[in-house]
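Here is a short briefing on one protein model. Read it with the structure open beside you.

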Amino acid sequence: MHHLRTLIIFAAIIAALAGQKAAAADEIIAESIQLVDVAMPVAPPDSVHIDMAPIVAMQPYMSKPGRISIYELPYSLTLNSYNWNRLWVNTAVLAGAYIGTLVVLECLPEDATSWNRSELQKDPPLKRWYQNVFKKGPEWDHDNAIFNYVLHPYAGAAYFMTARSCGFNFYRSLLYSACISTIGWEFGIEACMERPSIQDIFVTPLVGSVIGELFYKLKRNIVAHDYRLFGSPVIGNIVAFLVDPVNEVVGLFGGNDARKLHLGRKQPQVISSFMPTIGKGSFGFAFSCTF
């Protein structure tokens, strides 16, 4: 009997301790939940803010059918409105221009391009291209500074505008300029005559794209004034051809979206109203039209 009482008391003590531990565990869990609630507050639905500015800016253009010209949209470095068909046409035109330019450079004196014609005539063009690209690689060239630091950046700007006016943003137009100038020219056509130029690999697309973005802003101003600059259509068209030669030349044969916008012309507006009128003992309607 004494042993039984001892066992009962011992069991009661163990149960009490277990209950305290369970209660302590529950308290710890409850405190953890409270800590989680405090550390991760859930914002009420009314406090959620959505920036509607980009949507509002695009509303005037959402109802227009077909592709929207980049010159209709607000100026942006990141906005796109692709015209892939015109870009492929432009690229084909550049490929033809490359071949023509190579012919012209062949006719220039040696001191203009530093090409040794007697040396070039020893090997066929494909063999020279393989040696210049894969065996010798790029080099620091010694061409005339006008070529390296004036004409090449201008060419890079023209490549840049080739894509920019087709609705590509600044960064994609820079990439296009780099591909055309580096892959198409330095490691392409020109590599048949000489090793790729280290200066041209960087100067043409990078400096050219900075100049090209300035050209793009200038052309936006020209297009916004219906191809006029300083109030003159002659100056406006000449400058448009200088800053965007590929698109303007191709546009003469394939159409030019920017020239169809006529953003500088005021569109005729007709405002009319038809409202009921009530007077002393009379009732009628009033109609007005302003044009």
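Which residue just after α11 takes a positive phi? Gly255 does, with a phi of about 90 degrees. This is a predicted model, where local features need pLDDT of at least 70, side-chain atom pairs count only at pLDDT 80 or more, and totals for chains, interfaces and linings use all residues. Residues are numbered from 1 along each chain as its sequence is written, and side-chain values use heavy atoms, leaving out hydrogens and water.

**Helix α11**
- Helices are DSSP runs (H or I, at least four residues), numbered from the N terminus.
- α11 covers residues 245-254. Its buried residues (under 20% relative accessible area, 1.4 Å probe, protein chains only) are Val246, Asn247, Glu248, Val250 and Gly251.
- These buried residues pack against α3, α7, α9, α10 and α12.

**Nonpolar cores**
- A nonpolar core is a set of buried Ala, Val, Leu, Ile, Met, Phe, Trp, Tyr and Cys residues joined through side-chain atoms within 4.5 Å.
- The largest core has 19 residues. Tyr71, Met161, Val223 and Tyr227 touch the most other members.
- α7, α9, α10 and α12 each supply at least two residues of this core. The largest share, 4 residues, comes from α9.
- Apart from this core lies another, of 14 residues, including Leu105 and Phe168.

- Contact means heavy atoms within 4.5 Å.

How values were computed:
Buried < 20%, exposed > 50% of the residue type's maximum accessible area, 1.4 Å probe, protein only.
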